[in-house]
Amino acid sequence: MSSLSRELVFLILQFLDEEKFKETVHKLEQESGFFFNMKYFEDQVQAGEWEEVERYLSGFTKVEDNRYSMKIFFEIRKQKYLEALDRQDRAKAVEILVKDLKVFASFNEDLFKEITQLLTLDNFRQNEQLSKYGDTKSARNIMLVELKKLIEANPLFRDKLTFPAFKASRLRTLINQSLNWQHQLCKNPRPNPDIKTLFTDHTCSSSNGARAPPPGNNPLAGPVPKPGVFPPLGAHGPFQPVVSPPPSAIAGWMSTANQSMPHAAVAAAPPGLVQAPSPAAFLKHPRTPPGGPGMDYQTADSEHLMKRLRPGQPDEVSFSASTQPPNSNNMYSPDDLPKTVIRNLSQGSNVMSMDFHPQQQTVLLVGTNVGDISIWEVGSRERLALKTFKVWDISACSMPFQTTLVKDATISVNRCVWGPDGSILGVAFSKHIVQIYTYNPAGELRQHLEIDAHIGGVNDIAFAHPNKQLCIVTCGDDKTIKIWDAVAGRRLYTFEGHEAPVYSVCPHYKENIQFIFSTAIDGKIKAWLYDSLGSRVDYDSPGLWCTTMAYSADGTSLIYKDINDKKCTNYFMRFLVIDSGCPMEFFVGHCGLEGICQFLRTDESFKVWGWVRFGVLVKVIFKNVVLNITRLFSCGTSKEGESHLVEWNESEGAIKRTYSGFRKRSLGVVQFDTTRNRFLAAGDEFQIKFWDMDNINILTYTDADGGLPASPRLRFNKEGSLLAVTTSENGIKILANTGGQHMLRMLESRAFDGARAHAEANVKPAIAAGPLGPIASVSASASPFERSDRIQQPMSLLASMESSRRTDVKPRILENTEKIKSWKSSDISDASQLKALKLPDSLAPNKVVHLLYTNSGLAVLALASNALHKLWKWQRNERNPSGKSSASSVPQLWQPNNGALMSNDVSDSKAAEESVACIALSKNDSYVMSASGGKVSLFNMMTFKVMTTFMPPPPAATYLAFHPQDNNIIAIGMEDSTIQIYNVRVDEVKTKLKGHQKRISGLAFSQSLNILVSSGADAQASHAQHRLLCMWSIDGWEKKKSRLIQPPPGHPSTLAGETRVQFHNNQSHLLVVHESQIAIYDAQLDCLRSWYPRDSLSSAISSAIYSCDGLSIFTGFCDGAVGIFDSDSLNLWCRIAPSAYLSSASNDNPFPVVIAAHPTDPNQFALGMSDGAVHVIEPSDAETKWGGSTSHENGGMPSIPSSSALNSQPSETPSR
């Protein structure tokens, strides 16, 4: 809601209060959420009107919003509970306990148990903590004191506890002023009009009485003005004079920028003078009314300027402004765009953000998904600086941040950006903080500021100059935008108003007015001034999801001027404007022999005054003149994958043009950039696409010689001569035009080979500093063929949606049949060729049926066929300083001090070994949910206690999957072939899905596609209802599609056995695993490619899973072998024979029943064996990655960035 709409609500509230509509007043307060009436709240609490108290509160906050809100609702419900006990109304107390207080049990179980025990006491005052409880009235008053403190401390109530100060009956006054204006525009205005209705505009009937002079007779104003540009009118009759607010929404939102001038008005000024606009309308450029002289708003500066320059005022100066449209299209051609690949840089990890230095055109700042930042000199290919992530001062960070780091130390760069002059740079991370460095031309980075900026991820960072003060602008998952002093790190402003995580910010200025656009992941666009008055704009972006906004490069750089030939008695002034290198010639109206000649281009905020004396141009005045011709663009992608690149009409807050040429369903959030104030570029469909800003059709495109991801990130340098583009191989390609190539050839004269070797040496640490101390390095120097350090980190709320949507790399290798034929795989048959660790186990061995890594990577959890869970934890030590799972360090089979075991409920009718087991782990590793033929159990991972059980058989649960957007919703596959959508919080089955014939064996959610895919143990047959794969809509849970799995050539026509499914991180490719094949399906359930057991891997497939970076598929076979496949082409990289990891031959011939992929190490996996053993497998120290010895021969393989293991849940919002 815009600021003016918000103010209108306050006016209505005042009117209702004055008219004594008390109930309606409080209803509007609650529904709007703008003003919290503390007096009314106190009255309701003291009266014990608990339902009204909670209803009123619900307009401002919910229980789960924050700890203050939770405490508020808890105190209210506890008081209600105690009063019921005090009345000896046990039935009501039990109802309150179950209905109102049970929600707090998940946050503090012990407290809930203590409250429950009060039911067993004759008088709850026997409880020591409640012994001083008095009567009801005093207890309510004591509670009120606490509630007021909580409300005042709650950030959700900020600026909502004080009613704005304005005059009484303000709404009536505005209506009177509106009627006065309507009356003034009457054709036959009467002296004493009779107002009978407000439903229609007022008009006076014909009369012979006195007539007020029509506004059109005013020689300064011209004809009857449009709203927003009319002059103030004198009082007439009973009505007060008024100036109407401008109709434009974007113009209107700036009307509070200058409180002394709430509405724009035409001030008396010398005729014909073009005046600078007021801040109230800097985004609105009103056209000159037809038939009248050009008029604009006067400011004190321009008025003073003209008085100082002009000895006298001529009687009349007029002009007719005619402009010659810029003939700029022939100034640039597609050849001027940087499309030639001239450099390849190997970053070593996935590039998340880039920014060229504003002055040093070949210096590139890069941030990665492992928290590193690098500075490259692209001319010499030298890495000038590398900073691995670490927290500079952990003691100064908030406890939530410290707790987050302890649970999961991985972190990603969301955005890195240079300051205005390049002497400072800022980095926004996926968890809480921003770091600010100072930079000197020698490439030295020094720590400047570390700010714990937001709760959750910091999604964007920018620099701005409000009030000539350098500031840092950040936004984050906590739905706020914050402004920080760039010198001291002090917070200056917090802007609240978004209802979803804020995705991007775009600071800008026009005519000395500084403002910020912000976008959130619900598609809302808001605009803010540097004050505390709320947002001035509330628009919807195309696609209603992830959008970034940007202004084009600064426009005007040079101005030339001269005097044309004399024509009659007038002179013409001519200006040649160089608009980012594009000449635009304008002829400006005539002047007398002496006076002011003026030029105004309102559509692009361009104004010039020239002073002519005796036909000679003596001075051109630029003071208070805007010389930046900039245009506003936005680019984003919807949840459905539809991308939108648009230009905005700022004066109307509407889309001016929409550019075409995107893929119908983009596979990632499309990024864009602008250059030369003429071109747009966006990464889509494995290409870089270019547009002329004035043409909606694609101008040209390039694939940069291949190897780009589906939605590459890109960044121009300031001159537009270089373009940096991310690659699928964790690198960066530098594209150049002719000018850029010439610039880089000059730099090649340097002897940079030694410098490059030095840079590589500097980025090869074995141990890197982690956020809480040293951790194993996850980003080492890599050759273009290395894949081991390509790590997809688990990210924050914002930080993983796009990563989860990031799609496959253009499959060049599939188009090159010769490469496929010559592909070589390595074979590992000896223990010296890898690192393998059998985990210690003192419990009785039983077949491992499920195996998971915890999301932190610190532990491995196994579920055995006897319904028993086993948890191995790695400890920090000298050999393993990070404490993460490793084949080089032996973990501990962990149990709580009481020796408790996690054991599932089992069925009375079937042995656990004969039942189908299932398991799912919460995102924070705190809880595990599993079943082994009996009830589904929820365990606390710290205590091994059963928190609750549900879903008693029959039918038994056979698969579990958390909903990607709500951890309280679980999809449960059942033995009777149904899928039950279950809400844990309310203990209720929402719906049942029916589409399979046998038990459910796999479930996978895709948040970006908004679907659930299920697989079953159905027999593949020609019968129409026998389907192995079904697709369901998450919105309405209706079945959208089903698909048979085709048997391999030569295989019997009927497929039996279970099928598992897993979505890739791009959320559009699906891995389907059956004993007869592994296959990749697209979003329409069409099979893209498949692999069948053959040659050295001819046994049936037992399990398969994506590696955490999605480049590999780890596959187990029933003969004990393990195959590692390229996830894009399904070529075999590496075969691991059983002899390589099994210490001795076994009569049982154990094989891997299940495989788990490490959540951050793409080369580590664990095997759950048929004999009950668990093995952790890694490449040898000599190889560091699977198939390493043949990678160079085979070439860098393109790939699909992937999700982590099957147990990983998609995150909720996309990264950049």
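A search of the whole structure, which is a predicted model, finds 30 aromatic pairs, a pair being two rings of Phe, Tyr or Trp (its six-membered ring) whose centres lie within 6.5 Å, with planes under 30 degrees apart counted as stacked, over 60 as edge-to-face and the rest as tilted. Among them, Phe35 and Phe163 form an edge-to-face pair, because their ring centres are 5.1 Å apart and their planes stand at 85°. This pair links distant parts of the chain, 128 residues apart, with Phe35 in the loop between α2 (22-32) and α3 (38-46) and Phe163 in the loop between α8 (136-153) and α9 (170-184); helices (H or I, at least four residues) and strands (E, at least two) are DSSP runs, numbered from the N terminus. Phe35 is buried at a relative accessible area of 10%, whereas Phe163, at 28%, is partly exposed, where buried means under 20% relative accessible area, exposed over 50% and partly exposed in between (1.4 Å probe, protein chains only).

On the surface, Ile175, Leu198 and Phe199 form a nonpolar patch with about 370 Å² of accessible area together. Patches are made of residues with over 30% relative accessible area and no salt bridge, like charges being joined within 9 Å and nonpolar side chains (Val, Leu, Ile, Met, Phe, Trp, Tyr) within 5 Å; a salt bridge is a side-chain nitrogen of Lys or Arg within 4 Å of a carboxyl oxygen of Asp or Glu. Phe199, in the loop between α9 and α10 (249-253), is exposed, with a relative accessible area of 82%.

A negative surface patch is formed by Glu640, Glu642, Asp1035 and Glu1038. Asp1035 lies in the loop between β53 (1029-1033) and β54 (1039-1043) and counts as exposed, at 62% relative accessibility. By contrast, His963, in the loop between β47 (957-962) and β48 (969-974), is buried at 7%. His963 and Ile981 are 18 residues apart in sequence, with a C-alpha to C-alpha separation of 9.2 Å in space.

Residues are numbered from 1 along each chain as its sequence is written, and side-chain values use heavy atoms, with hydrogens and water left out. In this predicted model, local features need pLDDT of at least 70 and side-chain atom pairs count only at pLDDT 80 or more, while totals for chains, interfaces and linings use all residues.

How values were computed
Areas by Shrake-Rupley, 256 points an atom, 1.4 Å probe, with all protein chains shown as cover. Lys, Arg positive; Asp, Glu negative; His and termini not counted. Charge placed at Lys NZ, Arg CZ, Asp CG, Glu CD.
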